[in-house]
Amino acid sequence: MYAGWLSLTDYTLLTVGGPVWNDFANYIDMWSDPTFIESIWKTVRWTVSIVALQLLLALPVALFLNLRFKARGILRSIVFMPYVMPAAVVAVIWVYMFDSSFGVVNDLLQSLNLTDVNIAFLSSSTWSFWVLVLAMVWHGAPLMVIILLAALQSVRHDALEAAELDGAGRWKRFVHVVLPHLMPTIWLVVLLRTMWMAHHVETIALLTNGGPGTANYTMPMYSFGLATQDYDVAYGSAVAIVLSLMLLVLATIYIRNLERAKA
Amino acid sequence: MAFKSALSFTEQRRTQRVSPLVRTGAIVAGILIVIFSLFPLYWVVRVSLTSDSSTFAESFSLSDLTLENYLTLSDKLPIWKYFGNSMIVTVCSTFLSLVAAVPAAYSFTRFAFRGRNAFSKGVLALYMLPPIVLVIPLLVVYSKVGLNDTLVGLVLANSAVGIPFATWLLMGTFAGIPTELEEAAHVDGCGYVRAMLRVALPLGLPGMVAAGCIVFIFAWNDFLFAFTLTSSDAVKTLQVAMRGFVGGEAGFFWGTIMAATAVTAIPVIALFLTFQRGLVSGLAEGGVKG
């Protein structure tokens with residue numbers, strides 16, 4: 001609520017006196033602010049890349065972990081472990097691995113003869129985006145695996161049995177029995193992850209601080225940068241409020257689906 | 001478990017007639033998954049156990065391993081102070097979240113009162129609120145009331161996230177406990193409070209442990225609040241200290257940095273390995289179910 005009020009003022013942390021109403025100036029000005037306009041596209045790019053990659057990775061892994069084999073318990077623990085790691089730890093690790101002068105990734109690429117120069121991953125605006133995405137996929141995909149695995153475990157085995165008796169092969173059983181069962185969960189988890197990724201700041205802030213420059217300024221990152229570097233809490237709030245309103249649409253769909261799933 | 005019986009039919013038969021090719025494929029897939037998940041962590045451990053002089057050595061042998069980085073860690077930076085700050089904030093936030101969430105979740109699932117539905121929806125909405133929307137006004141309010149740069153402020157901020165999450169998760173837990181059990185307790189002469197303490201809480205304990213663990217992990221891992229709401233070294237948490245290492249700006253060797261990284265990660269990893277089962281099901285429920 002207070003964020004809403006702040007966003008309508010021209011208050012900064014350096015201002016003497018309280019917030020002053022400024023007739024929606026923040027909301028009007030933002031549409032002629034190129035950094036803001038670009039941040040919308042960057043938020044979409046960031047969110048879609050991550051959610052898609054996480055799902056593509058998590059679904060086969062969840063199916064695999066649902067099989068019966070000896071080391072399954074240990075393997076599950078290993079797979080889930082990245083999720084509990086602090087974002088700051090993830091950031092330190094990935095910065096180190098992708099370091100231009102002694103990172104292990106550059107070593108690896110060179111020993112495979114894919115490149116003969118050290119690539120400065122984090123100071124290139126294209127590369128840094130993909131390093132961020134990779135770090136986030138590594139960090140976040142386990143949650144998707146957990147959720148999908150939980151859904152897989154409730155697949156009715158009599159349905160699978162019936163399909164098998166009808167002569168359906170493994171692939172057909174997956175497409176016609178397992179996948180339809182998973183669809184509501186996939187839909188929910190995609191919505192939830194989309195919301196979380198769209199407002200995710202920590203990984204971006206920690207790895208490159210939105211940089212190089214403003215190359216990775218998604219909306220929450222821009223808002224964070226405004227508040228912590230420029231102390232422009234009013235404009236920062238305005239950006240955050242616009243983001244929230246966009247996410248509110250998704251949240252409404254999510255809650256509707258959740259209630260339908262419960263009923 | 002239901003899971004085992006559900007699988008035993010199809011999967012057991014499948015394993016009997018599995019071809020060596022599929023078997024090998026599965027093992028390779030398993031190894032790939034392990035490498036993807038663990039390689040970054042392996043790297044932390046390996047570098048943290050290597051002395052600075054041999055970090056750049058071409059070859060790597062087991063005899064190079066040393067605890068030197070861990071032993072000298074506290075001489076180079078006040079890591080245990082940061083650790084203590086993190087621990088105080090985390091433990092207090094977890095405690096506060098549970099103290100608020102347990103009665104809230106219990107009453108949401110047990111008593112019909114006006115606005116109950118709106119309340120529980122509000123909890124869900126809070127849970128989905130972008131943290132950045134929360135953090136900016138907190139920054140302003142805190143600097144007015146003098147809570148900025150204090151551990152108390154961090155505890156309150158983390159609880160503001162922890163309470164809705166724990167409430168939501170525990171609503172699922174309490175909804176799964178049959179009310180008949182408490183009604184039986186009423187018949188035996190228990191009041192509402194005693195019925196809750198003696199019947200519902202012990203039965204809901206696994207859910208409370210899971211919720212507590214998850215809130216603990218979130219609070220421990222928090223960077224956004226700690227970075228925005230504090231600035232001085234006296235209240236610095238490990239996560240904020242970690243930030244100084246990104247890009248090596250603080251001028252430490254990687255061995256030191258990775259040892260500090262391990263210290264930051266160990267509490268949550270230990271917690272995860274101890275309470276895995278409850279934690280995993282809690283996270284799965286928190287993600288999709290109601």
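Colleague: Where is the place of A:P220?

Modeller: A:P220 has its place in helix 11 of chain A. Helices (DSSP runs of H or I, at least four residues) and strands (runs of E, at least two) are numbered from the N terminus. The model is predicted: local features need pLDDT of at least 70 and side-chain atom pairs count only at pLDDT 80 or more, whereas totals for chains, interfaces and linings use all residues. Residues are numbered from 1 along each chain as its sequence is written, while chains are lettered from A and ligands numbered from 1 in the order in which they are written.

Colleague: Why is A:P220 called buried?

Modeller: A residue is buried if 20 or more other C-beta atoms lie within 10 Å of its own, exposed if 12 or fewer, and partly exposed in between, with C-beta atoms placed from the backbone. A:P220 has 31 C-beta neighbours inside 10 Å, and therefore counts as buried.

Colleague: Which residues is A:P220 in contact with, leaving aside its neighbours within four places in sequence?

Modeller: Two residues are in contact if their C-beta atoms, placed from the backbone, lie within 7 Å. On that basis A:P220 is in contact with A:H199, A:H200, A:V201, A:A240 and A:L243, and also with B:P130 and B:I132. A:Q153, 67 residues away along the chain, has its C-alpha atom 36 Å from that of A:P220.

Colleague: What makes helix 11 of chain A and helix 7 of chain B roughly parallel?

Modeller: Axes are lines fitted to C-alpha atoms, for helices over the stretch in contact, and angles run from 0 to 180 degrees between N-to-C directions. Helix 11 (residues 219–228) of chain A packs against helix 7 (residues 131–145) of chain B at an angle of about 10°, and their axes are 10 Å apart. Angles under 35 degrees count as roughly parallel, over 145 as roughly antiparallel, 65 to 115 as roughly perpendicular and the rest as oblique. The two helices are therefore roughly parallel to each other.

Colleague: Which residues meet there, and what are their classes?

Modeller: From helix 11 of chain A come A:P220, A:S223, A:F224 and A:A227, and from helix 7 of chain B come B:I132, B:I136 and B:L139. Ala, Val, Leu, Ile, Met, Phe, Trp, Tyr, Cys and Pro count as nonpolar, Asp, Glu, Lys and Arg as charged, and the others, Gly among them, as polar. By these classes the contact has 6 nonpolar, 1 polar and no charged residues.

Colleague: How many residues of chain A and chain B are in contact with each other?

Modeller: In chain A, 66 residues are in contact with 60 residues of chain B. Helix 12 (residues 233–262) of chain A gives the most to the chain A side, with 12 residues. That side divides into 52 nonpolar, 10 polar and 4 charged residues.

Colleague: How many helices and strands does each chain have?

Modeller: Chain A has 12 helices and 0 strands, and chain B has 14 helices and 0 strands. Of the 263 residues of chain A, 44% are buried; of the 290 residues in chain B, 41% are buried.

Colleague: What makes helix 5 of chain A mostly covered?

Modeller: In helix 5 (residues 87–97) of chain A, 11 of its 11 residues are buried. Among them are A:W94 and A:Y96.

Colleague: Why is helix 8 of chain B described as largely enclosed by the rest of the structure?

Modeller: Of its 25 residues, 19 are buried, so helix 8 of chain B is largely enclosed.

Colleague: Which residues does B:V263 touch, not counting residues up to four places away in sequence?

Modeller: B:V263 touches B:I79 and B:F83.
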